[in-house]
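Dear colleague,

I am passing on a structure to you, and below it you will find some notes on what turned up. Please keep it open while you read.

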Amino acid sequence: MIAGICLLAPPVIMACLREKFMEKQWDKQGRILNYALSVLLLNFLMLLILYFGFHNKDNLYGKLNQYNDFALKYIFLSLFIAAAEPAAECFFRKKVAVKIDLSRKPKDINWRLAAGTYAIILFSLNAVRIFDHNFWADEAFTIQLVKNKIPGLIAGTAADVHPPLYYLIVKAFYSLFGDKGVIFHLVSLIPCAVILILALTLIWKRFGREVSAVLITLSCLSGNAVRFNVEVRMYSWGALFILLTFYEFCCIVGQEKKSSYVLFVVFSLMASYTHYYCLLSVSFFYLALLFLALYKRRLSWKKVLASCMGAIAGYLPWFFVALQSMLSRVDNYWIESIPSWRASVSYLFSGKFGILVWGIFGIGGVTALLYETRVLDNKKTEDGRRLFSVSFDRIVFSDIAIILIVGPISVFGTILSAILISYFVRPFYTLRYIYPVSIVMWMILGIVISRLKGRKVYIVLALIYMLTVFGPAYHTTYTKEREQNERFEETLKLTAGVIRQGDVILTNVPGFAWTVGGIYYPDIAVRGIGRSLDVELEKDLCYWLVVERWKEIPLVFQELKEKGFSYELIIMDGNMGSYDTTVYKVTADDR
């Protein structure tokens, strides 16, 4: 409650003063927009002041609710800024003359310049995170795999139930730039840069700036994007290829050019060769094309069938490898539980869209669809009133209406198929597998906003909400990663020089024995243990015990004593593979 007052009350003063100083009477919609912009600007300025001026890195919302003195200081400073900013704006407007000569469409150019600046800022928030060298188990697997020659790489990824395209991309960068952590992260960040360029160019041109703004924000700032934009895995590339496939699908529905069909097949194959769930997602686009061509007679059935045959021919070389790989993992795949429908849908927006937000999104989507099918009409009468009419006499499926239907079908169809396969065959689905298709739902959100009356107000409110919920989450993630990496660097520094060839590392850290240990200690034997030791110890060897910090292993210590070994604490608060670790040196008592 207190935080809400601190964040939302001072912008009222700013909005009123801006309207007064501008000497302009706004209508209701203009006042709402003015207030929304004031909320965004004022609190952004306050965050900058607190972060850079007072080095405040705590969660702002929680701190305002917990500390009354801090909230009081915050609201006084916020009120001062709320009064000072409109006054300064008025002064510069009256006293400073700035003339900018832009040749064509100045409004569009200004908006695109602002969007480009916004995109660069958000991209930078991801780029500063590529210098992390602390890889978890799956990332370490990627790094180990790409060090093989291409035949070994393909064999390895076939056994790991993933297609080879992503690994081949990483292999190319590894071959060119060497074994560097920043390069591995950079490979995953490249799709984010391409998505931003697409948002500012092709998507802006076809769908408008609202769609571009939503896509820029979510592809850089949503919790899942923040993770996968730098994680050394294939999910960011899968999202890029699905976006490109969906865009070409939209182009086919709108213009049906041959080039769009060719690019659609190429991008869908690239998605399919990146992840099997990407294959599942793009298959819904093919089904939609077949429906539009063979049933609705809207598209050329020859071009659609040719595209389908091209896709089948392009994937056929890998199909039997994929089938054999899946069948071999039916009895021994690592996934044990099946994510629920609710958890899966929530994951599309990183768990930050609650039931209320989804309800608003759903109502907006249905309303936009009713407008696009001409079922709902909204006209202004001569006396200035709004007349809403509903008619089912002539339903028209516009290009946007088809996109609004097919996009969600692809997303929810992927989720439903994943759950059903896992239920009837065995669990083959974890939440991160649907991250790539999330980008289609982000596009749909932007398209819905762009097709509604009052879209300027809606897009501002949507951006404010997304920045409010995703901004603090990013700060928490960045702070945690930086702190973990600092402890990892210290752990590596203290152990890399003393753990020597011939020593043995014993660990219960997940994935350490599988991949992580081989990355940081390539010449050292690593053996996994459970709650007990379960391994025979040799008196003439030096052992290192790397265990999860908060995971109790009293049986291990007891067995060590019984076997005549003593242990010495080397690192209490370390980090390895993104896990908090404690390191002990283990030697025989009579050594």
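Let me begin with H162, which touches T157, Y167, R233, M234, H275, Y276 and W318, leaving aside residues up to four places away in sequence; contact here means heavy atoms within 4.5 Å. Please bear in mind that this is a predicted model, in which local features need pLDDT of at least 70 and side-chain atom pairs count only at pLDDT 80 or more, while totals for chains, interfaces and linings use all residues. Residues are numbered from 1 along each chain as its sequence is written, and side-chain values use heavy atoms, with hydrogens and water left out.

H162 sits in the loop between α8 (150-159) and α9 (165-177), where helices (H or I, at least four residues) and strands (E, at least two) are DSSP runs numbered from the N terminus. With 4% relative accessibility, H162 counts as buried; buried means under 20% relative accessible area, exposed over 50%, and partly exposed in between, with a 1.4 Å probe and protein chains only.

Next comes F488 in helix α22 (residues 455-496), which is also buried, at 1% relative accessibility. F488 touches H133, N134, Y520, N575 and M576, again not counting residues up to four places away in sequence. Y520 is itself among the buried residues of helix α23 (residues 512-520), and the buried residues of α23 pack against several elements, including α22 and α7 (137-146).

The structure holds 10 salt bridges, a salt bridge being a side-chain nitrogen of Lys or Arg within 4 Å of a carboxyl oxygen of Asp or Glu. One of them joins D138 and R432, whose closest N and O atoms are 3.3 Å apart. This pair links distant parts of the chain, since D138 belongs to helix α7 and R432 to the loop between α20 (399-424) and α21 (435-450), 294 residues apart, and both residues are buried.

Another salt bridge, between R487 and E483, has an N to O distance of 2.4 Å. Both residues lie in helix α22, 4 residues apart, which is about one turn of the helix.
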